[in-house]
Amino acid sequence: MRQRSLIAITAALAAGSLTLTACGSRDDSSNGSGGGDKTTVVIGVDAPLTGDLSALGLGIQNSADLAVKTANKDEFVKGVEFKLEPLDDQAQPSVGQQNAQKFISDKDVLGVVGPLNSSVSQQMQKPLNDAGLVQVSPANTGTELTQGDGWKTGNSVRQFKTFFRTATTDEVQGAFAAEYLYSKAGIKKVYLIDDQKTYGAGLAASFKTNYTKLGGKIVGSDHINPDDRDFNAVVAKIKKTGAEALYYGGEYPAAGPLSQQLKDSGQNIPLMGGDGIYSAEFPKLNKKAEGDLATSVGKPVEQLPSAKEFIANYKAAGYKDAYEAYGGLTYDATWSIIEAVKLAVEGNDGKVPADGRKAVLDAMSKVKFDGVTGPISFDEFGDTTNTLMTAYKIKKNAWVPEYSASPKLG
């Protein structure tokens, strides 16, 4: 990771001594970072901070907060004080759209981190794009968000010039899951279920395409309502097919009880899902999670030398909630905006340009740094150039990494 003196901010974070200036104000005090008249730049965060998915959302908020405080303590951008503005989307697309408008209306917001859900992002992308406001998601994996529906036929076209992500696509994740389940786990017959949401349906479709291409057989498929918790009807269907595994496109609040009801019916087969079930909450919702599988983006941050400072300082900061699956990716998403602001300021005689949003957007294509999760840069679609994935298995009620690789596509 680029040296940002994370360790130096530990005491300040723990003591709560870092302060942030009000939106649009000038900071004439030293603020613990050498003084001077500073311009406030606001970075918005959109995530589910309440509700079933709040464990992931709060990890996103906290990790973005850590990045902002690091940049301020280190005076990473001279003359700029960063402020975080988190908004709760409740995992609801309509709320995400309202939040996008709030960010747009605040002239000091030069970038937005989030959201968690691809379905929420679909309602945020166009207004943010129309406003020329950069958006970097640490979690959206729906391939169509960057490449359009044409990606399925090899006709990818960038959809929004303002949208970027540090998470890789469902095209990559589905291919990796299929390779792992078929070639590594030796499972040849799978029952397929999705939750009908943008993320879940897209991931399940990608898995199906790649799994059948390898020679695997989909012995049945179904859709569920992600708000339901009684899945006995679909579990009975699975039992009749002789499936060796259940692949689920969706998130952990439904995946946990679905897996347990599957095991309770006498079917000792694993449930496998994507990064949407890769949460410490999953085994808490499932007393029979042992052996279940998940894939997630990149290597586990605990195994990355580049993430040691992030983990140490997150812990020292005293955040009540864990950084969860998207902590490192969120820190990197936030830092990519900070890097773009730095480039914009350096290209304008050390001051935030009058049209800061345009300058930050123009700088995003030049952003390249060593982040918490590895090298960070974006391709012509705004997608991360890092396609490394990891498969995890539940062992003794915890996710344990099993295998990491970049899948073969096409």
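This is a predicted model: local features need pLDDT of at least 70, side-chain atom pairs count only at pLDDT 80 or more; totals for chains, interfaces and linings use all residues.
User: Let's start with helix α4. How far apart are its end C-alpha atoms?

Analyst: They are 19 Å apart. Helix α4 covers residues 118-130, which is 13 residues, and at 1.5 Å a residue it should span 18 Å, so the two values agree.

User: OK, and where in α4 is the kink?

Analyst: The kink is at Met 124, and its angle is about 35 degrees.

User: Is Met 124 in α4 buried or exposed?

Analyst: Met 124 is buried, and so is Pro 127. Other buried residues in α4 include Ser 118, Val 120, Gln 125 and Leu 128.

User: What happens just after α4?

Analyst: Gly 132 sits there, and its phi is positive, about 70 degrees.

User: Switching to helix packing. At what angle do α12 and α13 cross?

Analyst: Roughly 110 degrees, with their axes coming within 8 Å. Angles of 65 to 115 degrees count as roughly perpendicular, so that is the word for α12 and α13. Their crossing is right-handed. For orientation, α12 is residues 327-346 and α13 is residues 356-364.

User: Which residues meet there?

Analyst: From α12 you have Ser 336, Ala 340, Val 341, Leu 343 and Ala 344. They meet Ala 359, Val 360, Ala 363 and Met 364 of α13.

User: What about α2 and α12, how do those axes cross?

Analyst: Helix α2, residues 54-73, crosses α12 at roughly 40 degrees, and the axes come within 8 Å. That angle makes α2 oblique to α12. The crossing is right-handed.

User: Which α12 residues meet α2?

Analyst: Gly 327, Thr 330, Tyr 331, Thr 334, Trp 335 and Ile 338 do. On the α2 side, the residues include Ile 60, Ala 64, Leu 66 and Val 68.

User: New topic: which residues other than glycine have a positive phi?

Analyst: Ala 91 is one of them, with phi near 60 degrees. Glu 324 is another, also with phi near 60 degrees.

User: Where are they?

Analyst: Ala 91 is in the loop between β3 and α3, while Glu 324 is in the loop between α11 and α12.

User: Why does Glu 324 count as buried?

Analyst: Its relative accessible area is 15%, and buried means under 20%. Ala 91 is buried too, with a relative accessible area of 15%.

User: How far is Val 95 from Asp 46?

Analyst: Their C-alpha atoms are separated by 9.8 Å, and the two residues are 49 residues apart along the chain.

User: Last one: is Lys 107 buried or exposed?

Analyst: Exposed, because its relative accessibility is 64%. Lys 107 is placed in the loop between α3 and β4. Asp 355 is 248 residues from Lys 107 in sequence, yet the C-alpha atoms of the two are 9.7 Å apart in space.

Definitions and conventions: Residues are numbered from 1 along each chain as its sequence is written. Side-chain values use heavy atoms; hydrogens and water are left out. Helices (H or I, at least four residues) and strands (E, at least two) are DSSP runs, numbered from the N terminus. The expected span of a helix is 1.5 Å times one less than its number of residues. The bend at a residue is the angle between axes fitted to the seven residues ending there and the seven starting there. Buried means under 20% relative accessible area, exposed over 50%, partly exposed in between (1.4 Å probe, protein chains only). Axes are lines fitted to C-alpha atoms, for helices over the stretch in contact, and angles run from 0 to 180 degrees between N-to-C directions. Angles under 35 degrees count as roughly parallel, over 145 as roughly antiparallel, 65 to 115 as roughly perpendicular and the rest as oblique. A crossing is left-handed if the near helix is turned anticlockwise from the far one by less than a right angle, and right-handed if clockwise. Contact means heavy atoms within 4.5 Å.
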